[in-house]
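I opened my notebook to look up a ring pair and a helix contact. My notes follow.

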Amino acid sequence: MPASRPLRADARRNREALLSAAREAFLGGDADVHVEDIARSAGVAVGTLYRHFETREALIEEVYRTEVDDLCAAPSDLLDRYAPDEALRRFLLLLVDHAAVGKGMSVALESIMATDSPIFETARTRMVNALTQLLDAGTAAGTVRDDVTGSTLLRALGGICGMRATEGWLDEAQQITALLFDGLRHGAPYAT
């Protein structure tokens, strides 16, 4: 849909229902779900799905983009509610949860990996920016080391979450993330 013209209320509801149905199917591990099933689950016709998303891959991209949007909106809210180091800790755990969500979508996402879609690079850049925002706040407060970048931290989390194929990986990933967080605070000149 062209971004220049806002959707009518019914079209917006249909789009949201389609995204919700697709998200539920993909995150549930049903990567081979047919667009007809997604449309039926959303309570709309297949033609409505294709009016909103030209291809199945476009729908998958939008589900993933929405997940990233939700994730990357979190730092500002977390910083409003918590001290900078606690906001960072909570966001690191959200990133681990995002990887768990990504595990359910991984097969569906493979269909767009072969395209020239910039979605993954865009998502990576946005996550680095979110981490940088939190690291900068923690550094300014004196509760987080100043020698780690958002890019390095995302790479470390990628290594932690790369073990998704193993049984019980989520618990281990959360434990390793806690160790990583402790390392981010080690040596920080705590504010008095």
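**Rings and helices**

I began with Phe120, which counts as partly exposed at 28% relative accessibility. The scale calls residues buried under 20% relative accessible area, exposed over 50% and partly exposed in between, with a 1.4 Å probe and protein chains only. Tyr64 is buried, at 10%.

I noted the ground rules. The model is predicted, so local features need pLDDT of at least 70 and side-chain atom pairs pLDDT 80 or more, while totals for chains, interfaces and linings use all residues. Residues are numbered from 1 along each chain as its sequence is written, and side-chain values use heavy atoms, without hydrogens and water.

Next I looked for aromatic pairs (ring centres within 6.5 Å, using the six-membered ring of Trp). The count came to one. The ring centres of Tyr64 and Phe120 lie 5.5 Å apart with planes at 55°, so I logged the pair as tilted (stacked is under 30 degrees, edge-to-face over 60, tilted the rest). Tyr64 sits in helix H4 (residues 56-81) and Phe120 in helix H6, so the pair ties together parts 56 residues apart in sequence.

Then I followed H6 (residues 119-141) to H7 (residues 150-161): their axes come within 8 Å and cross at roughly 115°. That makes H6 roughly perpendicular to H7 (65 to 115 degrees).

Which residues of H6 meet H7? I listed Arg124, Met127, Val128, Leu131, Thr132 and Leu135 in H6, against Gly150, Ser151, Leu153, Leu154 and Arg155 in H7. Contact means heavy atoms within 4.5 Å. The residues of this contact divide into six nonpolar, three polar and two charged.

Notes
Axes fitted to C-alpha atoms, helices over the stretch in contact; angles between N-to-C directions. Helix = DSSP H or I, 4+ residues; strand = E, 2+ residues; numbered from the N terminus. Parallel < 35°, antiparallel > 145°, perpendicular 65-115°, else oblique. Nonpolar A, V, L, I, M, F, W, Y, C, P; charged D, E, K, R; others polar.
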